[in-house]
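Hi,

Here is the structure I promised to pass on.

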Amino acid sequence: MSSFDNSMQTFESYLDIGYDQKYRPQFHFTSRKNWLNDPNGMVHYDGEYHLFFQHNPQGTPWGNMTWGHAVSTDMVRWTQLPHAILPYDEGTIFSGTALVDHDNTLGKQPVRQGSPRQSSGQAGQAGDVKTLVAFFTFAKYPYGQSIACSTDKGRTFTLLNDGKCVVPNQGLIDSDRDPKVFWHAPTKKWVMVLYVQTGIARIFTSENMQDWTLASDINREGFHECPDFVELPVLDADGTPTGETRWLLYDARFECSIGSFDGASFSIEETFSKSDLGPSFYAAQTFSNSPDGRTVIIGWMRESNFVEQDMPFNQQMSFPCTLELRQDREGIRLCRQPIREIETLYKATHAFEAVTADALAPQLADIDAELLDLSIAFAPGQDLALNMRGIDITYDGKANTFNSESCKPLPAHPVDGNIALRALVDRGSIELFANEGSAVATSYVLPAPENTSIQLSGDADIRSLTVHELESSWGGAEG
Ligand code: FRU
């Protein structure tokens, strides 16, 4: 019988670590202690969002891969729980996804109290407690894909099939990995998209999550690890659904393609160039079982090296954003914007309208803010220089780009006569969203802790500037 290596259950030792260190991000998820990388198993279940994540329970470098676990009711304030899926049989637990088995196709739903049936395990039987099913890569050469399930809201998991792979290594490389699994309603099948070699994501289908049939390969040059694949409504420029949908496929580098999917194969219609213009957005994933139709994405902010700052944790997640497809005259754009729940962190707001940048300068001098959600809209064709906590961002009115040392230029063309930028600044990051999130840059940066100033210069005609100061999202967490 395979069993989890309980020496990796180190969570107890995290409880004496708080969230108040000098460089601890205050509204981006970090583990109380130790290393994290990819978000895993992001799923909404019974009023809670679950964020599992690649985690080293024994140190601040990468290693001993385990699924760490945190829950939240708003995707903003997270409570970390004991590690969810631990290594076993000398293999570690790599990335994957989680889902809710609404129709009990796996047959692991517990029997309802008082039910005449005495044992679980009967596919199709509907009880009250839905099974939460996690698919992960069992990282012992040659890697394959395995399943663990939970019927106590993700607090404990049981290995299915004694932890043995339900999808064996495909033989192209010895490290197939990162299964994305979801329900495809039109064909009434589960679909798995798996990274099997650079350039290939392989699609499998199943009726019961245990027996998988190869359906097709998606060939895309350079495609690399951590596939996510999700159907999105196409919205018009105002955000109204057009009635059309597209499937969006992306890899760990967030190289995105849209197209159509019939339950077995994906036809690519368009591939977007560089969908995140910063250096840090990696291995992103979307929540499954969304309670409100939104598709919300979180990525690992790679290269966030907090150990260099003597922090007890390492790496961080990006701020959750909605992911949308918007149609305009030039075609379909991919847009990302911070989830509206960020507003629950606003503790003070400074709003200015219709004034030149230079005239605003003295008023901005009174603002003293460490955690920021800032939005600015201004007239096109003019240059602007914005400095937030020492981070310079300029707008080049001829090239129509925002420029910053931390990222590649963000194209930003006038929309409704305005150029718009939104910036989130935390203790270890800046996330830039130009023109309603059609150009986004996610960057690990460390603003000097003592610099809490905002400066603006240039003769640009500012239509509006709103600065929200945020409180820490860790307020509710013990410690
Ligand atoms: C991406 C990745 C995944 C793998 C995991 C291991 O960052 O390399 O392909 O499952 O990290 O931690």
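To start you off: in the loop between which two strands does Pro142 lie? Those strands are S6 (131–139) and S7 (144–150). The peptide bond that joins Tyr141 and Pro142 is cis, with omega at about -10°. Bear in mind that this is a predicted model.

On confidence, the average pLDDT of the chain is 94, and 96% of the residues score at least 70. Residues 117–121 have a pLDDT below 50, and this stretch has 12 contacts in the model beyond near neighbours in sequence. Where pLDDT is low, the predicted coordinates should not be read in detail.

Now the overall layout. The chain is divided into domain 1, residues 6–338, and domain 2, residues 346–470. Their centres, taken over C-alpha atoms, are 32 Å apart. Across the two, 34 residues of domain 1 are in contact with 31 residues of domain 2.

Where does the largest pocket lie, then? It lies between the two domains, because both domain 1 and domain 2 give residues to its lining. The space in this pocket comes to about 1,300 Å³. Its lining has 42 residues, and Asp328, Arg333, Val415, Asn435 and Ser438 lie nearest the centre. By type, the lining divides into 17 nonpolar, 13 polar and 12 charged residues. Several strands each supply at least two lining residues, among them S16 (266–271), S21 (321–328), S24 (372–378) and S33 (461–470). S22 has the largest share, with seven residues.

The second largest pocket has a volume of about 650 Å³. Here 28 residues form the lining, and those nearest the centre are Phe182, Trp183, Ser288, Asn289 and Ser290. Strands S5 (92–101), S9 (177–184) and S13 (228–236) each supply at least two of the lining residues, and S9 gives the most, with five. The split by type is 14 nonpolar, nine polar and five charged.

Lys153 is found in the loop between S7 and S8 (158–159), while Cys226 lies in the loop between S12 (213–219) and S13. Is each of them buried or exposed, or in between? Lys153 has a relative accessible area of 30%, so it is partly exposed. Cys226 has a relative accessibility of 7%, so it counts as buried.

Thr295 is in the loop between S17 (281–286) and S18 (296–301). At 11% relative accessible area, Thr295 is buried. Leaving out residues up to four places away in sequence, Thr295 touches Val230, Leu232, Thr286, Cys321, Thr322 and Leu323.

Last one: Gln197, which has its place in strand S10 (residues 189–197). With a relative accessible area of 27%, Gln197 is partly exposed. Gly222 is 25 residues from Gln197 along the chain, and their C-alpha atoms are separated by 9.3 Å.

Cheers

How values were computed:
Residues are numbered from 1 along each chain as its sequence is written. This is a predicted model: local features need pLDDT of at least 70, side-chain atom pairs count only at pLDDT 80 or more; totals for chains, interfaces and linings use all residues. Side-chain values use heavy atoms; hydrogens and water are left out. On a 1 Å grid over the protein atoms alone, a cavity is a set of points where a 1.4 Å probe fits but cannot get out, and a pocket is an open set with protein on both sides within 12 Å along at least five of seven lines; lining residues have an atom within 4 Å of a point. Grid points are joined across faces, edges and corners, and a volume is the space filled by probe spheres set on the points. Helices (H or I, at least four residues) and strands (E, at least two) are DSSP runs, numbered from the N terminus. Ala, Val, Leu, Ile, Met, Phe, Trp, Tyr, Cys and Pro count as nonpolar, Asp, Glu, Lys and Arg as charged, and the others, Gly among them, as polar. Domain bounds come from an automatic or database domain assignment. pLDDT is the predictor's confidence in each residue, from 0 to 100. Contact means heavy atoms within 4.5 Å. Buried means under 20% relative accessible area, exposed over 50%, partly exposed in between (1.4 Å probe, protein chains only).
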